[in-house]
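Visitor: Hi! Could you walk me through this one?
Guide: Happy to. Let's have a look together.

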Amino acid sequence: MSEQATDILSSDEVDTLQEIMNIAFGQSASDLSEVIDTHVVLSIPFIEFVKVTELHTYIQQHVKEYSKISIVEQKYWGKFKGDALLIFASGAGRELILLLKNDEQGSLEAGSAEILESETLLEVGNILIGACVGKLAELLNDIVTYTPPMVLVEEDARNAVPANKFDPDQTAIILKTDFNFEQGGATGFLFLVTKNESVVWLKKALQLFLEQYE
Amino acid sequence: MILDQIFDAINTGILIIDTEFRVIKWNRWMEIHSGLSEDDIKGVNIFDKYPDLDNTKFRRSCKSVFSFGNFSFFSQKLHRYLLPFTSKSLLGNQFEFMQQSCSMGPLRDENNEIKYLFINIEDVTDVATYEHKLLEMNIKDGLTGIYNRRFLETKLEEEYKRCKRYKSTFSLIMFDLDHFKNVNDTYGHPCGDFILKMVSSRISAAIRNVDFLFRYGGEEFCCLLPETKLDAAVLVADRFRADIESQNNVFEEHVLNVTISIGVTEFIAECESGVDILKKADEALYTAKKTGRNRVISLR
């Protein structure tokens, strides 16, 4: 299913990107623990190139062990641009509510448990995506802005990402990491679906990054 | 210069604070809605003017903006508002304060270092008011203002699942006005409506604020009592019965006395669903009707 990575980036470029992601996600993990008082373990990120039309199936493959998932989606805009999809395993929302200990929780009206759950996913998603994308962009000397995050709570994993969600005829650079929270046990994946049009810039940025060390 | 004009002309709130939470910029919209001029607040720590802002979520958001250039969002659904401004909405005063949807993000200096953050405040009071009205209409009965049948079904399933999971209990009281058709036929439907409203308001006043009162059908009502055993629920039900019986209801020149028949049941683990419990309460109510009305029958 996936294309040869070297069709888009050379193997050196992929290695460099991999290295940058290792640094970025390592740093974001430590920043995150400062902001949300728990350690988030991010796995070594994984890069893959997938046709946008196959993305739907690709994501499904990765979440097939879950029946229900929650998704936080946020667009990031810089020279580096695309969609971040944060996929949480079922039950994560409720785990994370305990973690955040917001002051407002006591004052919510009846029937708002769902609101609290979705808002918590949004907040944690926003922080996690921002930390990972922001660090990556920073290392590549880019500045990104974000659209407000959107959330789908506890959806059937098979239908959560619609097949026609992304612009076809494009190849997505998928940067994937698994994460889990040391407390609370919420787990999931982060996919950064980067648009093809970022590739030219990305090649240049990777080059510049390497030159610092040459 | 042009940007400065936009900053003040735009119909949305923008403020800028530095890493020490001092206000650097405060646009015209902020001046209008806060009653504080930019001169009043410039250089002042925002927590001095708005102490409630000094909370976990706000500080966490600022930290994530300053430490990794993140954006942060404060939805109206969860936070209602960030700064307590008087609402100028024309849709009535559903809310004490203007409902706000806010976002926050980093501002960098020429060396790309994050020195400030901006907060954008949008007034969403009108939208929130409409939403609130829609939600109300969805769960409340138009005539009596108590909860409707749809909400009963939702609540019953919720309570059923909760009790099953936590091995706790609840009781359900179902009651019906005796010979209500006679009221309508003799005195007309406005009088019938008057009686329904009277019953709803008397029972509403008699229950705890953790209990729920629903209009189940025409003259049928249900009351859900969380964490309440059957014998306690029967006592409550009999209080309802006695209270309604004792009322002399004056409608136009008529004085009416009405009574209610009541069926009471309690959650038991063997029930398959919330609907099962409803059926049992209905059965008990049926017995109360059959055995002479104006009485309470319980069924375990």
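Guide: Let's start with one term: a cavity is a set of grid points where a 1.4 Å probe fits but cannot get out. Also keep in mind that this is a predicted model.

Visitor: Okay, how many cavities of 30 Å³ or more are there?
Guide: The count comes to one cavity of 30 Å³ or more.

Visitor: And how much space lies in the largest cavity?
Guide: About 30 Å³.

Visitor: Which residues line the largest cavity?
Guide: The lining is made of A:K75, A:Y76, A:W77, A:K81, A:G82, A:D83 and A:K195. Two elements of chain A give two or more residues to this lining, namely β3 (68-77) and β4 (82-89). β3(A) gives the most, with three residues.

Visitor: What kinds of residues are in that lining?
Guide: The lining of the largest cavity divides into four charged residues, two nonpolar and one polar.

Visitor: What area is buried between chain A and chain B?
Guide: About 2,200 Å², and carbon and sulfur atoms give 55% of that area.

Visitor: How many salt bridges cross the interface?
Guide: The rule finds two salt bridges between chain A and chain B. One of them joins the side chains of B:R60 and A:E123, with 3.0 Å from N to O.

Visitor: How many residue pairs are in polar contact there?
Guide: Between chain A and chain B, the count is five residue pairs, both residues being at pLDDT 80 or more.

How values were computed. Residues numbered from 1 in each chain as written. Chains lettered and ligands numbered in written order. Predicted model: local features only at pLDDT ≥ 70, side-chain atom pairs only at ≥ 80, totals over all residues. Heavy atoms only, no water. Buried area = accessible area lost by both parts, 1.4 Å probe. Salt bridge = Lys/Arg side-chain N within 4 Å of Asp/Glu carboxyl O. Polar contact = N/O pair within 3.5 Å; in protein donor to acceptor, adjacent residues only side chain to side chain. 1 Å grid on protein atoms, 1.4 Å probe; cavity = no way out; pocket = protein on both sides within 12 Å on 5 of 7 lines; lining within 4 Å. Points joined across faces, edges and corners; volume = space filled by probe spheres on them. Helix = DSSP H or I, 4+ residues; strand = E, 2+ residues; numbered from the N terminus. Nonpolar A, V, L, I, M, F, W, Y, C, P; charged D, E, K, R; others polar.
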